[in-house]
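Subject: Structure handover

Hello,

Here is the structure I said I would pass on. My notes on it follow below.

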Amino acid sequence: MHWFHCGRCGSLFQAKEGEPEGRLCSKCGFDPCPGEQEIRTEPASGGAEGGGSDTHARRHKSGGRKRKGGNIMLKLFVGWSLLMVLIVLGAIKLWHQEGPPETVERIRSTPGEVQVSEEDVVFLNENTKAFVEGFSRFLASGSPEQASQFVLSPTEAVARMTRFNSQNPTIKIDPATLEAAGKTVLHMPGGKAIETRWASKDGRLIDAVFQKENGEWLLDWNHFVRFSDYPWALFLAGTGAPEGEFRLLARERLAEERKDEADISIVLYAPRFGYPEDVGFQSPEFLVSRKTRSGKLLDAAFKLARSGGRVYGSSLPDSNPDGMIRVRVMVRRIDTEDGRKFEITEVSACHWYSVDDAGVEPAEEKPAED
């Protein structure tokens, strides 16, 4: 016995080999010719009818697989299209130039934020890729020798970086954890610089300033780490050299009550890297004569801060604690029989940038009235 295929109803039926061409299909009762095709297979235990049902089930299942495969392809196409739309929408938020893949660049607009000029926008767009790549390589560097390639005055920076790392907690930042929170142009006496702000996934807010040197955009490392000649807390405790330059936060004491006094009273705080709202314990009180250049610079800087202005026209929101300004000061420690005293010998600048400029103009003295 062999299996044969009915060309009319599609069923399989058994017949003896050599039967005449006029044999009838056991399922539909009609002549299966033309088109019968012998199927060389062993008889199924379920008989002709059972075999036919199994074949139909296999065909139905195969057709289902085809339809299912088509649905998957359609879903993949729709999903891919949506993904491309999201990528395009996300790209609108990027900083116009692509950074390296390990750096996430999304800019958040702040309501009421000072807008930069069209010229500065073009300047930022033209140079973003260069400084972002350098910053990422700096963060990925493992030693001061490697990192110094991406900072201002690299030859001199190695010694400062090594000394700083030996006296302060190590600063480690994974570039992949940073998200851009803003950028602006600084109009410094020597030319334009770029100030950026980054938010990390662990909650830190980081400032990074870049200046062009020998055709490359390099990080202002002194500003980045808030470099001081010696840790402020240890200096106040009586260790280290008796005099040094420090990058600190200054707050004016009793500003309204003492506005007519001959001296301006300030206290100083050491900034905490990545957490601008956190400051350490306050220093002893410093009295600075308003008639000196240092006193005039402090008056001008506090006045600028109260008006909402920023040094060198920065348009980034002020991240300093309320009422505080950034200063670079020379401080001397004096040990006497009556105890330890401190005095400000010079206010070098009212900012933390590595430029030989105070950042503000001291107020002109009013001429004496006749």
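A residue is called buried when its relative accessible area is under 20%, and exposed when that area is over 50%. By that rule, the buried residues of helix H4 are Ala 157, Arg 160, Met 161 and Phe 164. Viewed along the axis of H4, these residues fall within an arc of 105 degrees, so they line one face of the helix. An α-helix has 3.6 residues a turn, so residues three or four places apart point the same way. The buried residues of H4 pack against H2, helix H3 (144–147) and helix H5 (221–225). On the face turned away from the buried side, H4 carries the exposed residues Thr 155 and Ser 166. H4 itself covers residues 154–167, which makes 14 residues, and its first and last C-alpha atoms are 20 Å apart, close to the 20 Å expected at 1.5 Å a residue.

Confidence

Please keep in mind that this is a predicted model. The mean pLDDT of the protein chain is 79, and 68% of the residues score at least 70. Two stretches need care. Over residues 34–62 pLDDT stays under 50, and the model has 29 contacts beyond four places in sequence for them. Over residues 85–113 it also stays under 50, with 52 such contacts in the model. Where pLDDT is low, the predicted coordinates should not be read in detail.

The sheet of four strands

Four strands form an open sheet with antiparallel pairing, in the order E4-E5-E6-E7. Its edge strands, E4 (178–188) and E7 (216–219), each pair on one side only. From one strand to the next the twist averages 30 degrees. Within this sheet, E5 (residues 191–200) and E6 (residues 205–213) pair in the antiparallel sense over six bridges, and Trp 198 stands opposite Ile 206 in E6. Helix H2 (residues 118–140) lies across E4, E5, E6 and E7, and runs at about 60 degrees to E5.

The loop between E6 and E7 holds Asn 214. The phi angle of Asn 214 is near 55 degrees, a positive value in a residue other than glycine. Asn 214 is exposed, with a relative accessible area of 76%.

The sheet of five strands

Another open sheet has five strands in the order E10-E9-E8-E11-E12, again with antiparallel pairing. Here the edge strands are E10 (286–289) and E12, each of which pairs on one side only. Neighbouring strands of this sheet are turned against each other by 50 degrees on average, direction ignored.

Taking the pairs along that order, E9 and E10 run antiparallel and are joined by four bridges, with Ser 265 opposite Leu 287 in E10. E10 has a covered face, made of Phe 286 and Val 288, and an uncovered one, made of Leu 287 and Ser 289. In a regular strand the side chains alternate between the two faces of the sheet. Four bridges also join E8 to E9 (residues 263–269), in the antiparallel sense, and Glu 252 stands opposite Ile 266 in E9.

E8 (residues 243–252) and E11 (residues 324–336) form an antiparallel pair over nine bridges, in which Leu 249 has Arg 326 of E11 as its bridge partner. Nine bridges join E11 to E12 (residues 339–349), and these two strands run antiparallel. Asp 335 stands opposite Arg 340 in E12, and a hairpin of two residues joins E11 to E12.

Tyr 312 lies in the loop between helix H7 (293–306) and E11. Its phi is near 60 degrees, a positive value in a residue other than glycine. At 11% relative accessibility, Tyr 312 counts as buried.

A residue in H5

What is Asn 222 in contact with, leaving aside its neighbours within four places in sequence? Asn 222 is found in helix H5 and is buried, with a relative accessible area of 12%. The contacts of Asn 222 beyond those neighbours are Arg 160, Phe 227, Arg 247, Trp 352 and Ser 354. One of them, Arg 160, is also among the buried residues of H4.

Regards

Key:
Residues are numbered from 1 along each chain as its sequence is written. This is a predicted model: local features need pLDDT of at least 70, side-chain atom pairs count only at pLDDT 80 or more; totals for chains, interfaces and linings use all residues. Side-chain values use heavy atoms; hydrogens and water are left out. Two strands pair if DSSP finds at least two bridges between them. Axes are lines fitted to C-alpha atoms, for helices over the stretch in contact, and angles run from 0 to 180 degrees between N-to-C directions. Contact means heavy atoms within 4.5 Å. The expected span of a helix is 1.5 Å times one less than its number of residues. Buried means under 20% relative accessible area, exposed over 50%, partly exposed in between (1.4 Å probe, protein chains only). The arc is that of the directions from the helix axis to the C-beta atoms. pLDDT is the predictor's confidence in each residue, from 0 to 100.
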